[in-house]
Amino acid sequence: MIMCKVYAVASQKGGVAKTTTAENLGIGLVRKGFRVLLIDSDAQGSLTSSLGYTQPDNMEITLSTILEKEVNDEVYDRTSFGILHHEEGIDLIPCNIELSGLEVSFINVWNRERILNGYVEKLRKHYDFIIIDSGPSLGLMTINVLAASDRVIIPVQAAFLSIKGLEQLIRTIGRVKKGLNPRLGIEGILITMLDERTNFAKGVMEILGEKFGSYINIFKNRIPFSVKVAESSAEGVSIYRHDPKGKVAAAYTGFSEEVLANV
Ligand code: ATP
Ligand code: MG
């Protein structure tokens, strides 16, 4: 039996396929028979809208509502409140713009870095995997995500590798491990949006290997670039549903298996 494992998909760099990876890893694991909860922790609500809930800002119950209840120590049914059931078998806690206001109001809350952690701990027994998508920042919400997680998956866009950005992220993860969450570790770096027609793949792999390979896993599966990804988000379904025979579906299946092999 697998104990629940909590993954953060994180990077302060925007547009590196965090959301796409959270969604397709999550549904990839559902397709292997596991119970998976996705948590959208980005005020942009991209994960929420890419699963077909196209107007996140009009939703009444979101992660913000839940975190407010946690802060106020309210009694409520955590196994059902705010959890959406997507047609592909995955559960989702949606998020919207309200989170940005809430994040500011948390500045004065006691134990403000551990609000999400308290919630996630109570849901662990109901899922095999919990995957949290974070926004492009290293602000308080992302610290909450790291404090609530066991492992971090770091997507890196093949064509725009930022060594400095990666080093800053790795330092932040180290600080959270030291101060807030000793079990936190880096699961690996995932190369995304790879254009196989260029030579970037080889160069990026070499640089990543040189700089980080001795102490960070770099996933063998890499995610190719394909317009099918944007199409699948517009349709509100995963890449497995939108383009089952395509190369991105194959890559995310391989990546999901690689993650499972490390559990
Ligand atoms: P943000 O930092 O804003 O949260 P993100 O890191 O979550 O962004 P995504 O939203 O997953 O990134 O992806 C950014 C854009 O790139 C989206 O339009 C998405 O459809 C597209 N995209 C993601 N993966 C791929 C891919 N493999 N091929 C082509 N386009 C992709
Ligand atoms: Mg995103």
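**Reading helices, pockets and a cavity**

A: Let's start with a pocket: α5 gives the most to the lining of the second largest pocket, with three residues. Before going on, note that this is a predicted model, where local features need pLDDT of at least 70, side-chain atom pairs count only at pLDDT 80 or more, and totals for chains, interfaces and linings use all residues. Residues are numbered from 1 along each chain as its sequence is written, chains are lettered from A and ligands numbered from 1 in the order in which they are written, and side-chain values use heavy atoms, with hydrogens and water left out.

Q: Which elements each supply at least two residues of the lining of the second largest pocket?

A: Element names first: helices (H or I, at least four residues) and strands (E, at least two) are DSSP runs, numbered from the N terminus. Here the elements are α3 and α5. A pocket is found on a 1 Å grid over the protein atoms alone, as an open set of points with protein on both sides within 12 Å along at least five of seven lines; a cavity is a set where a 1.4 Å probe fits but cannot get out, and lining residues have an atom within 4 Å of a point. In this pocket the lining includes Glu 70, Val 71, Asp 73 and Glu 74, along with Arg 114, Ile 115, Gly 118 and Lys 122.

Q: How much space lies in the second largest pocket, and how do its lining residues divide?

A: For volume, grid points are joined across faces, edges and corners, and we take the space filled by probe spheres set on the points. That gives about 210 Å³. For class, Ala, Val, Leu, Ile, Met, Phe, Trp, Tyr, Cys and Pro count as nonpolar, Asp, Glu, Lys and Arg as charged, and the others, Gly among them, as polar. The lining comes out as six charged, four nonpolar and two polar residues.

Q: At what angle do the axes of α3 and α5 cross?

A: Axes are lines fitted to C-alpha atoms, for helices over the stretch in contact, and angles run from 0 to 180 degrees between N-to-C directions. Helix α3 (residues 63-71) and helix α5 (residues 115-123) cross at roughly 95 degrees, with their axes coming within 9 Å. So α3 is roughly perpendicular to α5 (65 to 115 degrees; under 35 is roughly parallel, over 145 roughly antiparallel, and the rest oblique). Contact means heavy atoms within 4.5 Å, and on the α3 side it is made by Leu 63, Ile 66, Leu 67, Glu 70 and Val 71. Facing them from α5 are Ile 115, Leu 116, Gly 118, Tyr 119 and Lys 122. By class, this contact has seven nonpolar, two charged and one polar residues.

Q: How do α3 and α4 pack?

A: Their axes are 9 Å apart, at an angle of about 25 degrees. The two helices are therefore roughly parallel to each other. Leu 63, Ser 64, Leu 67 and Glu 68 of α3 meet Glu 98, Leu 99 and Leu 102 of α4.

Q: How many of the residues of α3 are buried?

A: Buried means under 20% relative accessible area, exposed over 50%, and partly exposed in between (1.4 Å probe, protein chains only). Seven of the nine residues of α3 are buried, so to speak "mostly covered". Lys 69 and Glu 70 are among them. The cover includes β2 (36-40), β4 (91-93), α4 (98-105), α5 and α6 (140-148). Just after α3, Asp 73 takes a positive phi of about 55 degrees.

Q: Which residues of α5 are buried?

A: Ile 115, Leu 116, Asn 117, Tyr 119, Val 120 and Leu 123. Their cover includes β1 (5-9), α3 and β5.

Q: Is Ile 131 buried or exposed?

A: Ile 131 is buried, with a relative accessible area of 0%. This residue is found in strand β5 (residues 129-133). Among the residues that Ile 131 touches are Tyr 7, Leu 25 and Val 36. Val 36 is 95 residues from Ile 131 in sequence, yet the C-alpha atoms are 7.5 Å apart.

Q: What is the volume of the largest cavity?

A: About 90 Å³. β6 gives the most to its lining, with four residues.

Methods
Lists of a residue's contacts leave out its neighbours within four places in sequence.
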